[in-house]
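Subject: Structure handover

Hello,

Here is the structure we talked about. Please open it alongside this note, and then read on for what turned up.

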Amino acid sequence: MKIAVFVSGRGSNLNALLNLPDLKKLVSIVAVVSDKIDCKAFDIAKEYRIETFSIGEGEGRVSKYEITSVLKNLDVNFIVLAGYLKLIPDELLKNFENRIINIHPALLPSFGGKGMYGMNVHKAVFNSSAKVSGASVHFVDNTYDTGKIIAQKCVDISDVKSAEEIAERVLTIEHQILPEVVKAFAENRVKIESNRVVILK
Ligand code: GRF
């Protein structure tokens, strides 16, 4: 399975995908895409000699109208959003129906939606006095964090003293759950049954 990973930040989830041994024989990451002209995740991509694309207007960038054909020309058939902070263009959604997933650092549908990214999420969780948090992997549609949930994993936060501690614990979970879900797609074990998604063992 040839995948494109969309990023906006440091790329720790990209790194987790690149470093899961079981994934290497099933998945090849052929493109790393960002809305940024440069980001730490691009440094990781370059280390692995993976092509990087920056969506936007101007020199050296790919417009949101061109990105679909760029990815199709690379035979990409699956897209992973890993920290990507923009909405996905409709044309990309149409061309990759049920083939775009996102990792969100909370237990959706709680603590999701516009503006809920990075530390905003963990601060909201901390202030809510919740005793568990976790990560969610879901299908991407045309609004933030509302696609069908594919997988979730909880983490106990009953003893945390700060939002930063929640972020740390949730990130560990993200690095486990995202590669597991990508592997399940590569092995064709993800089934959509009405409004629920099942991952076959
Ligand atoms: C992760 O917390 C992810 O859940 C969220 O953005 C962050 C990306 O982190 N969507 P990284 O760039 O993968 O380290």
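Which residues surround the ligand? In this predicted model, the residues around the ligand are Gly9, Arg10, Gly11, Ser12, Asn13, Gly83, Ile103, His104, Pro105 and Glu174. By class, six of the shell residues are polar, two are nonpolar and two are charged.

Where does the ligand sit? The ligand takes up the space of the largest pocket. Two elements each give two or more residues to the shell: helix H1 (12-18) and strand E5 (100-104). Now look at the domains. Both domain 1 (1-97) and domain 2 (103-201) supply shell residues, so the ligand lies between them.

Ser12 puts a polar side-chain atom 2.5 Å from a ligand oxygen atom. Gly11 uses its backbone instead: a polar atom there is 2.9 Å from an oxygen atom of the ligand. Ile103 also contributes through its backbone, with an N or O atom 3.0 Å from a nitrogen atom of the ligand. How much of the ligand does the protein bury? Taken alone, the ligand exposes 370 Å², and the protein buries 89% of that.

Two backbone features are also worth a look.

- Leu108 and Pro109 are joined by a cis peptide bond, with omega at about 5 degrees. Pro109 is in the loop between E5 and helix H6 (119-127). Strand E5 is also one of the elements that give residues to the ligand shell.
- Asp75 is not a glycine, yet its phi is positive, at about 60 degrees. Find Asp75 in the loop that runs between helix H4 (67-73) and strand E4 (78-82).

Best wishes

How values were computed: Residues numbered from 1 in each chain as written. Predicted model: local features only at pLDDT ≥ 70, side-chain atom pairs only at ≥ 80, totals over all residues. Heavy atoms only, no water. Near = heavy atom within 4 Å. Polar contact = N/O pair within 3.5 Å; in protein donor to acceptor, adjacent residues only side chain to side chain. Areas by Shrake-Rupley, 256 points an atom, 1.4 Å probe, with all protein chains shown as cover. 1 Å grid on protein atoms, 1.4 Å probe; cavity = no way out; pocket = protein on both sides within 12 Å on 5 of 7 lines; lining within 4 Å. Sits in = over half its atoms within 2 Å of the grid points. Helix = DSSP H or I, 4+ residues; strand = E, 2+ residues; numbered from the N terminus. Nonpolar A, V, L, I, M, F, W, Y, C, P; charged D, E, K, R; others polar. Domains from an automatic or database assignment.
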